[in-house]
Amino acid sequence: MNIVRIRFIEGPNIFTYRPILLARLDLGPYTGKESIDIPGFGERLLHHFPGLRQHHCAKGRPGGFIERLEDGTYFGHICEHVAIEIGHLAGIPANYGKTVYAGRPGLYDVAIECASYPAQRRALEAALDVVTSLAEGRHPGNLDALIREIARLYEDDRLGPSTQAIVDACRRRNIPVRRLQASFLELGYGVHRKRIEATLTDRTSCVAADIASDKALTKHLLEEAGLAVPPGGVATDEDEAVLLWRHLGGPAVVKPLDARQGQGVSLRLESDAEVRAAFREANRYAPEVIVEAYVPGENVRVLVVEGRAVAASVREPAYVEGDGVHTVRELVDLVNRDPRRGEGHEKPLTKIAIDEIARQVLLRQGMSPESVPQAGERVALRESANLSTGGEARDVTDVLHPSYLRIAERAAEAVGLDVCGVDLVVPSLTAPADTGGWAVIEVNACPGIRMHEHPSSGSPRRAAEAIVESLFPAGSDGRIPIVSITGTNGKTTTARLVAHGFALAGKTVGLTTTGGVYIGGECVLKGDTTGPRSARLVLSNPRVEVAVLETARGGIVRGGLAYDVADVGVITNLSLDHVGQDGLESIDDIAFVKALVGECVRDDGAVVLNADDPRVLALAPRFRAPLVLVSQVPENPHVARHVQAGGMAVVISDGVLYEWQGGAQRPILAVEQIPLCLGGLARFHVENAALAAAAMRAAGLPVSTVAKALATFSPEQNAGRLEMYVLPNGARVVLDYGHNPAGFREVGRWLQALACRRRVGVVGVPGDRANHVVEEAGRALAPWFDEFIVKEDADLRGRAPGEIARLLSSSILRACPDKKVAVILDEREATHIAARGLGPEDIACVFYERLTPLKEALEELGARPWHKVVAEAAGERLAML
């Protein structure tokens, strides 16, 4: 068994609304075999993984998986459950799993809820090895070591407590959160987008952060601001450090000039030897070292956010308490077993390390790591009180005298940080600052907030919420309106119309389509951009005020959605297309995929459905959000019932788009006033216009703006959709992106309404369509054209050259044996030949793969856009008058 491919899907997907790991497995020699086919396999599996007895599986109750195992189940399914169980044993919170057939025997897609991709991937890899070993009767190896390895991967990948607290605060506020990497997060969408790294925000001044990292410069600015700081200086060698200490005339502190998290800090140094040793330790972290006077008192950290002190903690240095039995080293090991302690910042408390500084602190107490303290004796391992070196924190926000909170605010102001931790030493927590004896020790950029969120004692403070409030004030959820559009045909046109409406409303629109990604009307990425990566480009752009996302099947299947919920979801129609791809075997499968767009609409949003398409309408029970129905049939009974129940609909009646709601029929615009609809002849564009109108209204645009959008959206703004050119002899060439049976029929009906002598179709079907879809496309094309040139896409999508053309041309000839059908595989050559053979009253329609080369070919033949020819003719008539 092996993993063919594997990926992480972070957004809602066809399996679950949560992030998943999706892997394709090839069962190899285990293809077709079931658990009961290998004697003793089930017993060996449960011996090593007894927790599998609690797995529900499809039965929905504990023991469900065991029933499947005992009745016989395939090995892909077994690997899924073993991977989940290994994850459980490693502490990974994931319960959901699904295994589905992937198109041929032995090939399966396994989806597993994914809290950590590196750890979950390793768990799946391990599951395949373990299951194979047990199936072959071999021992699976050191499972304890494997579990520890995966647990470490999970811990390394998890967000630290400070960052996780901000994520949790955002989720309580319904603010979108996306992890970029490590502690880098993106919060909100579009114009509200913010980026942070732990507590460093994109509002944090780079200059201020640089100042804070230079302790000497920070002290200088604090002094200039009238704040007390310990006297001292900067040393570059041991001798200089000793001279500074002697000049101070009392206990000293030695620390790196620009280190953080308590690294290399030594306190209460009272001899040349101690200062020299401390310098060497600090010098490991920075070439320059601060030597300053030691200030006795309580060590207080104050968190300041946007100029306001929001939390305060007293920090106590790392220590152990003797029991008269264990050595200091053993006591440290016992303390470090506290589940709240972890490596670095991964947990609320940090494990204590016995390093050179700890040895020096022990030495001053007449001890070593091997000493055995008396029962109740408190043994210090640090004198600096950083949590990063194993210290603990006690909340004193309500105890600390307000004067010290004000001093912390002044210190943050002096350095210029929006979020900072100010370290003070105060003689008394409750006495006012004017009694003296206090000092500002440091000002820290990107301060840890775990001491405030998870104090060792005292009340937890919602420090993260204060930071989130500074980024998203007044209860903002950081969201922008999102309109997501899916379906078989009409997605691009509908999306362009909706984007045009919001642009008229003065909004900067981010638009994804099969023709590229647009920000404020500017194409920033060319290509077929209808997947989650393109959507994320839009949602991450800080100029975007509204996102209009064409959301295609392929992107949904392979990458899920780029957002959690949209404000409006649109399903245009459902017809035969893409069957045979990505495990989709029927229109019902396609409907299941596209329904995700409607499912992921906020409860107070709207799902716009084409009520004239029974398959679309059948999806309605799956959606929580209110429905808006669209119909070109005023007598549609579904629409009538929906409106009677208080729902909204957009209906075309007597050539006018109406909004029906609450007993009122409000006109929007006459169809003949919508240029895109070509006087109502292009019925599929009438449908697109109605769907777009419904989406715009559901998104909150006024009727006047919707009407203006429909009236001012010209056909030339809809590149590649019924785009017409006129040749010098008067013949016309139409370029259209139709590529499935339904699309071909609609374009064919429109062409029949145009007066002409002869209709020539330059036709093709993408190579990844199933044979029966290609044959249905031929039958759909056959009635509408007098002659055919069958071409192929440059991207054959796995087909042999000429294979699709043979299938399509044969299907056309079977339907209409008397029609002329030629095969010219190259799309540009086929178009060129078709255009050159047209008479003055002929029309050719090219269903293209690549638009730009065909436009260039037509320009070489002297073709001009139809709308320009019409405009010039109208101008000439006016001039004659």
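**Entry 1. Ground rules.** I number residues from 1 along each chain as its sequence is written, and my side-chain values use heavy atoms, with hydrogens and water left out. As the model is predicted, local features need pLDDT of at least 70 and side-chain atom pairs count only at pLDDT 80 or more, while totals for chains, interfaces and linings use all residues.

**Entry 2. The whole chain.** I looked up the secondary structure and found 29 helices and 39 strands. Helices (H or I, at least four residues) and strands (E, at least two) are DSSP runs, numbered from the N terminus. Along its principal axes, the C-alpha trace spans about 105 × 85 × 55 Å. The chain has 881 residues, and 56% of them count as buried. I use buried for under 20% relative accessible area, exposed for over 50%, and partly exposed for in between (1.4 Å probe, protein chains only). I then looked at contacts, meaning heavy atoms within 4.5 Å. Of the contacts with a separation of 6 or more, 68% come from residues 24 or more positions apart.

**Entry 3. α16 against α23.** Two packed helices are described by the angle between their axes and the distance between the axes. For α16 (residues 491-504) and α23 (residues 703-712), I noted an angle of about 120° and axes 9 Å apart. That angle makes α16 oblique to α23. Axes are lines fitted to C-alpha atoms, for helices over the stretch in contact, and angles run from 0 to 180 degrees between N-to-C directions. Angles under 35 degrees count as roughly parallel, over 145 as roughly antiparallel, 65 to 115 as roughly perpendicular and the rest as oblique. The crossing of α16 and α23 is right-handed, a term for the near helix being turned clockwise from the far one by less than a right angle (left-handed if anticlockwise). From α16, Leu497, His500, Gly501 and Leu504 take part, and they meet Thr705, Lys708, Ala709, Leu710 and Thr712 of α23. I sorted the residues of this contact into 4 nonpolar, 4 polar and 1 charged. Here Ala, Val, Leu, Ile, Met, Phe, Trp, Tyr, Cys and Pro count as nonpolar, Asp, Glu, Lys and Arg as charged, and the others, Gly among them, as polar.

**Entry 4. α27 against α28.** On the α27 side I listed Glu827, Arg828, Thr831, His832 and Ala835; their partners in α28 are Pro853, Leu854, Glu856, Ala857, Leu858 and Glu860. The contact divides into 5 nonpolar, 2 polar and 4 charged residues.

Is Glu827 buried or exposed? Glu827 is buried, because its relative accessible area is 8%. Beyond the neighbours within four places in sequence, Glu827 touches Lys791, Glu792, Asp793, Phe847, Tyr848, Glu849, Arg850 and Leu854.

**Entry 5. Salt bridges.** Side chains of opposite charge can pair when their charged atoms come close. I count a salt bridge when a side-chain nitrogen of Lys or Arg is within 4 Å of a carboxyl oxygen of Asp or Glu. The structure holds 59 of them.

- Arg158 pairs with Glu155, with the closest N and O atoms 3.3 Å apart. Arg158 is partly exposed at 40% relative accessibility, whereas Glu155 is buried at 16%.
- Arg280 pairs with Glu238 at 3.4 Å, N to O. This pair links distant parts of the chain, with Arg280 in α10 (residues 272-283) and Glu238 in α9 (residues 238-248), 42 residues apart. Arg280 is partly exposed at 46%, and Glu238 is partly exposed at 22%.
- Glu776 pairs with Arg779 at 2.9 Å, N to O. Both lie in α25 (residues 771-781), 3 residues apart, about one turn of the helix. Glu776 is buried at 18%, while Arg779 is partly exposed at 42%.

I also noted a network in which salt bridges with shared partners join Arg121, Arg122, Glu125 and Glu149.

**Entry 6. A covered helix.** How many of the 8 residues of α17 (residues 532-539) are buried? I found 6, so the helix is mostly covered. The buried residues are Pro532, Ser534, Ala535, Arg536, Val538 and Leu539. They pack against the strands β5 (177-181), β22 (482-486), β23 (509-513), β24 (516-519) and β26 (546-550), and against helix α18 (553-559).
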